[in-house]
Amino acid sequence: MPALILGGVALAITAWGWAPDKLGLGRSRIGLRLLGGLALAVVLLLPAAVRVSAIPILPPALAVAAIAVSVGEEIAFRGALFAALEEAGGAPLAVVGSTALWTAAHALSHPPAFLVAVAAAGLLLGLWRLWCRDLVAPIIGHVIADLAL
Amino acid sequence: MKRAALLAGAAAAYLAAAWMVAPGFYDGFAPPQPYNFVCPPSQAGANLAPKSGQAVIKVINGVSDASDAFTDDGQVVIGFLPGSFDGTGKTSVTVNITPVSPCPNPPGLHFSTNTYDITADAPLVKSATLVMRYSNLVVDPSFAYRADSPNGPWTKIVPSPQAQIWTVDLKVDKFGYYAAGYPSNSIAAGGAGANNQILPVTIAILILVVLVGGIPLTILRRRQARSGDADDDEDDE
């Protein structure tokens, strides 16, 4: 459990030196962005809600780890990496590159059959990040999805 | 508008991709390893055939070793204490676990798991611990059931408290056909069944919050934008 939490913190450290606005973490339109996070969570969880009869209730320690890792992943992949790729090669590279690397990182922990869904989730969150200039909603959506599944 | 349409397209693509694999997107915290069904339910995605298993347990001076027998996909594990078998005259005991096909469909019962035929070439003299995994795509089983034949009759066994999520744990004192399920005329109770509706209810609440919160916020933003435009006009005059 501590390793997961440390991993989440380590991922978040990649944002060191970036201005919050560049990471999509500014404070403008915060109400709408919070609601956007809930809307993204609905989309991410909809297939499971339709077909799964029961969900595990995460123990508190694991829930803390889930939050740390999902926030860390968002800050690292769609925060710092996205910002760096956008500066280097523009928006298409930022969306495609962050999605590809995020999917590749999940190849270690997921069976290959799940990687298409992981990539599609990454693309959705990446496009939101691009067009709404927002990372708050992807963080909220990702955290809720991780807590639920 | 074009961006919103593309975002909606990405969401639709995600939904399609996530629908192909149950349960959809997850991040590895409670990985629901797909269950291998003999008779997959309609909501299951790609399904692999369940595996069988065999264990050969040493017998020394008539006393069998402590050991486990399990299927190769880990869906059934049975643990034996030292001296669990009547090993008189034997040097080993062989235990076999085989998924039963076709699926038994006893009247009045619904099985959540595959039915497994567990056999050994020596009788049990001590209780063994049987752990049967079940899928997150099915209703949680309330009970385990045992029979001497796949055609029944089936005897209900109240499981032990769950040691791990998505498992049914029980003590068994003889071999035979085992499955976990629930009476057809009841809703599964206990175990993880209590949280059956959490996810759909949570999604419904989230949709409500997004709608109830989003509409006034959007109206407010439009009013602010209009008043901003009006202020600009006044400044221009």
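A residue counts as buried if 20 or more other C-beta atoms lie within 10 Å of its own C-beta atom, as exposed if 12 or fewer do, and as partly exposed in between. The legends below describe close-up views of a predicted model.

**Chain A, built from 7 helices and 0 strands.** From the N terminus on, the order of elements in chain A is α-α-α-α-α-α-α. Chain A has 149 residues, of which 54% count as buried. Among the contacts in chain A with a separation of 6 or more, 77% are between residues 24 or more positions apart.

**Helix α4 of chain A, with a kink centred on A:F82.** The 30 residues of α4(A) should span 44 Å at 1.5 Å a residue, and the end C-alpha atoms lie 41 Å apart, which agrees with that expectation. The kink in α4(A) amounts to about 35°. Just after α4(A) comes A:G90, where phi is positive at about 90°.

**The crossing of helices α4 and α7 in chain A.** Helix α4 comprises residues 60–89 and helix α7 residues 136–148; their axes come within 9 Å and cross at roughly 145°. The crossing of α4(A) with α7(A) is right-handed. On the α4(A) side, the contact involves A:A63, A:A66, A:I67, A:S70, A:V71, A:E73, A:E74 and A:R78. On the α7(A) side, their counterparts are A:P138, A:I139, A:H142, A:V143, A:D146 and A:L147. By residue class, this contact divides into 8 nonpolar, 2 polar and 4 charged residues.

**A:L62 in helix α4 of chain A.** A:L62 has 16 C-beta neighbours inside 10 Å and therefore counts as partly exposed. A separation of 85 residues along the chain lies between A:L62 and A:L147, yet their C-alpha atoms are 9.0 Å apart. A:L147 is also one of the residues through which α7(A) meets α4(A).

**A:R29, a residue other than glycine with a positive phi.** Most residues other than glycine have a negative phi. In A:R29, however, phi is positive at about 50°. This arginine lies in the loop of chain A between α2 (20–23) and α3 (30–51). A:R29 counts as partly exposed because it has 16 C-beta neighbours inside 10 Å.

**Chain B, with 2 helices and 12 strands.** Read from the N terminus on, the elements of chain B are α-β-β-β-β-β-β-β-β-β-β-β-β-α. Of its 237 residues, 32% count as buried. Residues 24 or more positions apart contribute 65% of the contacts in chain B that have a separation of 6 or more.

**B:T113, in the loop between β6 and β7 of chain B.** Strand β6 covers residues 109–111 and strand β7 residues 116–120, with B:T113 in the loop between them. B:T113 is buried because 26 other C-beta atoms lie within 10 Å. Leaving aside residues up to four places away in sequence, the residues that B:T113 touches are B:M132, B:Y134, B:P141, B:A179 and B:A180. B:G181 is 68 residues from B:T113 in sequence, and the C-alpha atoms of the two are 6.8 Å apart in space.

**The cis peptide bond from B:S101 to B:P102.** Most peptide bonds are trans. The bond from B:S101 to B:P102, by contrast, is cis, with omega near 0°. B:P102 belongs to the loop of chain B between β5 (92–99) and β6.

**The cis peptide bond between B:G152 and B:P153.** Omega of this bond is about 0°. The loop that contains B:P153 lies between β9 (143–147) and β10 (155–157) of chain B.

Methods:
Residues are numbered from 1 along each chain as its sequence is written. Chains are lettered from A and ligands numbered from 1 in the order in which they are written. This is a predicted model: local features need pLDDT of at least 70, side-chain atom pairs count only at pLDDT 80 or more; totals for chains, interfaces and linings use all residues. Axes are lines fitted to C-alpha atoms, for helices over the stretch in contact, and angles run from 0 to 180 degrees between N-to-C directions. Helices (H or I, at least four residues) and strands (E, at least two) are DSSP runs, numbered from the N terminus. A crossing is left-handed if the near helix is turned anticlockwise from the far one by less than a right angle, and right-handed if clockwise. Two residues are in contact if their C-beta atoms, placed from the backbone, lie within 7 Å. Ala, Val, Leu, Ile, Met, Phe, Trp, Tyr, Cys and Pro count as nonpolar, Asp, Glu, Lys and Arg as charged, and the others, Gly among them, as polar. The expected span of a helix is 1.5 Å times one less than its number of residues. The bend at a residue is the angle between axes fitted to the seven residues ending there and the seven starting there.
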